Amino acid sequence: MRVRYPSVQIAADVLTALVAAIHLYIVVLEMFLWTTPRGRATFGTTEEFAAESKVMAANQGLYNGFLAAGLIFALIAPGTTGFAFAVFFLICVIVAGLYGAATVSRRILVVQAVPAAIALVLVLLAH
């Protein structure tokens with residue numbers, strides 16, 4: 001598949017990489033730092049809640065890791081495979097971000113859904 005707009009493709013790749021990096025950071029926060037002061041401050045949890053929900057948070061972190069892995073694969077896979085992975089995983093991030101914003105915190109909309117939506121638009125425009 002030939003890219004019609006190389007400069008837009010570069011922007012799409014950069015933003016897709018940023019979305020992947022955000023999710024890798026979330027993996028670290030949820031799987032490894034959940035009960036630390038940094039993790040509790042990020043998610044606004046108490047020490048007791050963090051201790052009680054540590055396993056659940058690690059599970060969420062694992063899912064965020066799958067999102068990051070899919071986006072990273074999208075960046076390195078050739079042609080239509082990379083394009084298809086980018087579209088699929090960016091849509092997954094957008095849906096998860098919308099759900100999180102509706103059920104947990106509107107901040108999730110800005111941190112996850114908006115960057116993924118912009119990346120998706122750029123991915124689609126580049127092809």
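Student: Which pattern does the protein follow when read along the sequence?
Tutor: This is a predicted model, where local features need pLDDT of at least 70, side-chain atom pairs count only at pLDDT 80 or more, and totals for chains, interfaces and linings use all residues. Numbering runs from 1 along each chain as its sequence is written, and side-chain values use heavy atoms, leaving out hydrogens and water. Helices (DSSP runs of H or I, at least four residues) and strands (runs of E, at least two) are numbered from the N terminus. The protein has six helices and zero strands, giving the pattern α-α-α-α-α-α.

Student: Happy to have that settled! What share of the contacts between residues at least 6 apart in sequence join residues at least 24 apart?
Tutor: A contact here means heavy atoms within 4.5 Å. Taking the contacts between residues at least 6 apart in sequence, the share that joins residues at least 24 apart is 59%.

Student: Good to know. Why is the pair of Phe 85 and Phe 89 stacked?
Tutor: Rings of Phe, Tyr and Trp (its six-membered ring) pair if their centres lie within 6.5 Å, and planes under 30 degrees apart count as stacked, over 60 as edge-to-face and the rest as tilted. By this rule there are five aromatic pairs. The rings of Phe 85 and Phe 89 have centres 5.8 Å apart, and the pair is stacked because their planes are at 20 degrees.

Student: Where do Phe 85 and Phe 89 both lie?
Tutor: Nice follow-up: these two residues are four apart, about one turn of the helix. They also belong to one aromatic cluster with Phe 73 and Phe 88. The helix that holds both Phe 85 and Phe 89 is H5 (residues 79–103).

Student: Is Phe 89 buried or exposed?
Tutor: Buried means under 20% relative accessible area, exposed over 50%, and partly exposed in between (1.4 Å probe, protein chains only). Its stacking partner Phe 85 counts as partly exposed at 32% relative accessibility. With a relative accessible area of 15%, Phe 89 is buried.
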